[in-house]
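Reader: Please take me closely through one part of this model, with the cut-offs behind each term, as I would like to follow it residue by residue.

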Amino acid sequence: MRKCLTALLTAFLLLAISGCTGRAEEKRTEIVVMHPWGTMEADHVAMRDIYMDFEKENPDVKIKLVSLPTVGEMFEKISNMMLVGEVPDVVFCANIGREILYDFMVENDYALNLLPYLQQDSEFLNSLSPNNLSYWQHGQKLYTVSDVLVLSGGYWYNQDIYEAAGIQGPAETWEELEEICEAIEHWSAAENTRVQPIQFTHEGYLYCIDHMLACNGRESEAAIGLGESVVVEEEFVEVLNRCRRLYPYGEGEGYSYRDETDLFNEGKLAMYVNGVWGVNMIEDDINAKYALFPAGEGKSLACESAGLGFVLGNTKDAKRQECSVGFLKYMLSEPVQRRILEETEQVPANPAIDLEAYREEMPRFYQAVTEVQNADRKIEMPNHLWSTEQTEIFAHDLFSVLRGEMTDGEFMGKIEKYPSW
């Protein structure tokens, strides 16, 4: 009898616990977080852990993490969802998809206006980068917030190769950069090292072109200073000619940034065109430093932007929207911003994070960030100066122009068909 009573009591307790757990689960608000941090690379794993740890601080919220390996796959999945009326609660755009996804969500009232939440919460407002507000806020509307900054406008260089080739330091003019490339080429041939001087993807060339235009003292410089881009024939031909002179020093047309990374890590590439974010892809045994593209002797210019980051879904569900805003506040909070910096070496957006504290702990990262942030002038990155259609023309046709297979006029004509931002 005692055994039967014990068994019945145990069964009753299990049912009670199960019921309580079920009721607790019912009370939790689930939000769908979609993002392209879906591979097994260290920074992807770290970001997924950071996302999921939101639940520890908010036990009343359940995160449904939808992890895709690429932005393209994520956009396809979101498009399929919205076709049947489903809107994700949180989307991280990774600085891609302004016209593909962001504009569509805003224009169709699928994106949540974040400004009212910021205006009611000074701590939340102060955690945003000023770049974020200055670029993305339009009147009383703000539909995206980034948890990191995009610092760029230069390249990583291998100091050991520089020293071996007798080069004293980074170039201050484009003519000096050509001379450095030539010196490395001669040294490589003499020593039979097969080291390439520099490598450009079309994105790398676009950064160069923007830098050249932003320093020419004419119409293009004025436009870029206002966050715009223009195609002035004489000025544009000048920068294309300069790119043609650099083109022979790199043999990697069709290479991706990953191919360039591999070459740099193998010691077969002297200059690796990328942003500060490239720091976590460079092997520890490479003696690398960051340098900005030339802006003229004694001058410096860099790109500092808050890219297209998180977009919250206007689900019309007040509780889900409240939890989604809470998730965004969590991502911008000082503890999480420090985790993003320490675990992924991305530049935190929250101005309260003191990067000086990381001078000794992360010297390579600190040197690169300081180089950008101390520049005399800042401009927006290319994705904020040229429209998606224009950047696609650069991607498709720029190398044809540099090889002489397309005329400058034809190239400029194609770019001018589309408006800039």
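Author: V90 lies in strand 3, residues 90-92, where strands (E, at least two residues) and helices (H or I, at least four residues) are DSSP runs numbered from the N terminus. The model is a predicted one, in which local features need pLDDT of at least 70 and side-chain atom pairs count only at pLDDT 80 or more, while totals for chains, interfaces and linings use all residues. Residues are numbered from 1 along each chain as its sequence is written, and side-chain values use heavy atoms, with hydrogens and water left out.

V90 has a relative accessible area of 0% and is therefore buried; buried means under 20% relative accessible area, exposed over 50% and partly exposed in between, with a 1.4 Å probe and protein chains only. Leaving aside residues up to four places away in sequence, V90 touches V32, V33, M34, F310, V311, L312, S324 and F327, a contact being heavy atoms within 4.5 Å.

Turning to strand 4 (residues 148-152), 5 of its 5 residues are buried. In a regular strand the side chains alternate between the two faces of the sheet. Here V148, V150 and S152 point one way, whereas L149 and L151 point the other way, and all are buried. Strand 4 runs antiparallel to strand 9 (residues 301-305), to which 3 bridges join it, and S152 stands opposite C303 of strand 9. With strand 11 (residues 347-348), strand 4 pairs in the antiparallel sense over 2 bridges, L149 having V347 as its bridge partner; two strands pair if DSSP finds at least two bridges between them.

Just after helix 16, E345 takes a positive phi of about 55 degrees.

Helix 2 (residues 42-52) holds H44, which counts as buried because its relative accessibility is 10%. Not counting residues up to four places away in sequence, H44 touches P36, W37, G38 and T39, and a polar atom of the H44 side chain lies 3.3 Å from the backbone nitrogen of G38.

Notes: A polar contact is a pair of N or O atoms within 3.5 Å; within protein, one must be able to donate a hydrogen and the other to accept it, and residues adjacent in sequence count only if both atoms are side-chain atoms.
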